[in-house]
Amino acid sequence: MNVKSSSSPRNAETGQRRPSVGVQIGKVMVGSGAPIVVQSMTNTDTEDPVSTAKQIAELARAGSELVRITVNTPAAAAAVPRIRERLEMMGVEVPIIGDFHYNGHQLLEGEPACAEALAKYRINPGNVGFGKKKDSQFAAIIEKAIQYGKPVRIGANWGSLDQSMVAMLMDENHTRAEPWDAAHVAREALIRSALDSALRAEDIGLPRDRIILSCKVSGVQELIAVYRDIAARCDYALHLGLTEAGMGSKGITASSAALAVLLQEGIGDTIRISLTPEPGASRTGEVVVAQELLQTMGLRAFTPLVTACPGCGRTTSEFFQELAKTVQAHVRDKMPEWRVKYDGVENLTLAVMGCVVNGPGESKHANIGISLPGNGEAPSAPVFIDGEKAMTLRGEHIADEFVGILDNYVATRYQARGG
């Protein structure tokens with residue numbers, strides 16, 4: 001029995017994660033104290049195995065540790081094994097999750113190769129089936145997961161709530177001495193839909209260490225309330241994400257505001273930042289945001305991050321801004337190679353500062369830092385390595401020289417993997 005009566009999640013002061021059951025997805029462990037996992041989702045037509053495999057590879061190389069794809073038609077299901085084969089040819093081992101709605105039971109039955117190729121299934125209890133067919137169609141998917149040894153995420157979403165659950169809870173609410181408000185009823189419907197479905201899956205025979213839950217909403221305060229509640233009522237691994245977060249700064253801000261609170265309280269085993277990409281923009285943007293959220297909170301390290309001042313009247317030149325951008329882009333471009341070659345390079349710290357006020361101090365705190373000349377200062381840029389002034393750069397090639405110093409530092413200070 002997974003449901004328990006714990007009154008609250010682990011609090012932020014202890015730094016402890018909420019205890020959860022570990023779920024193995026390919027080579028990736030989710031829950032049971034494992035590092036919080038970053039995942040994302042493709043927006044290609046899954047029926048096109050070439051474009052879908054290409055985008056999965058891009059997401060994986062950007063750092064997505066799990067990638068979900070839509071499986072909505074027989075042709076999409078038939079394409080899944082070909083996608084997996086293409087990824088193997090590219091040397092990409094990221095686990096693929098199949099996202100099923102409405103007809104998942106038919107697709108898994110009709111395309112056994114798809115059922116085998118996927119690392120995990122995601123189903124929505126609000127649309128897995130309706131009326132008398134709901135239980136049988138849910139059971140059919142769970143039985144396929146049992147047959148092929150696959151974990152399942154049971155993902156409730158307030159945009160597709162189980163209406164029979166809502167109706168039942170509304171009837172219950174009418175009998176309360178102090179009825180809940182509508183928002184409370186909706187939150188309870190989400191949570192009960194997920195928990196009841198998980199218990200039903202266990203009754204069918206799916207082990208509890210193959211179950212992940214999520215209860216997604218698009219409001220920050222609602223998401224925090226829902227996950228605090230479900231975290232206190234079960235020990236299943238939890239996937240966090242603000243659904244339909246939006247585009248650009250709005251989506252980033254909303255997702256970060258919600259997830260940061262929960263992660264600080266020890267709630268969450270895997271996350272996705274569901275951003276609407278700008279037209280023509282790479283899907284990998286949401287992976288970068290998820291990584292930076294975890295890294296800036298001190299929960300994981302993925303890539304060296306650059307500390308840079310915001311600029312003021314002392315920093316009239318845009319050069320320090322351009323250098324900070326160049327360095328950050330260089331690091332991200334090199335990380336796929338560095339991650340394979342060097343142990344611990346993701347913990348490297350860098351600073352690009354724009355004047356003498358905080359420049360030398362911040363630079364000394366970083367592994368490598370540079371303090372560029374501000375307005376009215378001498379045209380020289382001291383470079384600090386591990387807290388000590390190492391050299392001074394001048395002239396028109398400061399950017400190239402600083403990037404060269406960075407590359408040399410990585411090559412000489414970090415031990416080669418397997419070395």
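Predicted model: local features only at pLDDT ≥ 70, side-chain atom pairs only at ≥ 80, totals over all residues.
Me: Why are α1 and α2 called oblique to each other?
Reply: The axes of α1 (residues 49-62) and α2 (residues 74-89) come within 9 Å and cross at roughly 50 degrees. Under 35 degrees counts as roughly parallel, over 145 as roughly antiparallel, 65 to 115 as roughly perpendicular, and the rest as oblique. So α1 and α2 are oblique.

Me: Which residues of α1 and α2 meet?
Reply: Among them are Ile 56 and Ala 57 in α1, and Ile 83 and Leu 87 in α2, with contact meaning heavy atoms within 4.5 Å. By class, this contact has 8 nonpolar, 1 polar and 2 charged residues.

Me: What makes Asn 157 count as buried?
Reply: Buried means under 20% relative accessible area, exposed over 50%, and partly exposed in between, using a 1.4 Å probe and protein chains only. Asn 157 has 11%, so it's buried. This residue lies in strand β7 (residues 152-157).

Me: How do you know that the side chains of Asn 157 and Thr 243 make a polar contact?
Reply: A polar contact is a pair of N or O atoms within 3.5 Å; within protein, one must be able to donate a hydrogen and the other to accept it. The Asn 157 and Thr 243 pair, at 3.3 Å, is a polar contact.

Terms used. Residues numbered from 1 in each chain as written. Heavy atoms only, no water. Axes fitted to C-alpha atoms, helices over the stretch in contact; angles between N-to-C directions. Helix = DSSP H or I, 4+ residues; strand = E, 2+ residues; numbered from the N terminus. Nonpolar A, V, L, I, M, F, W, Y, C, P; charged D, E, K, R; others polar.
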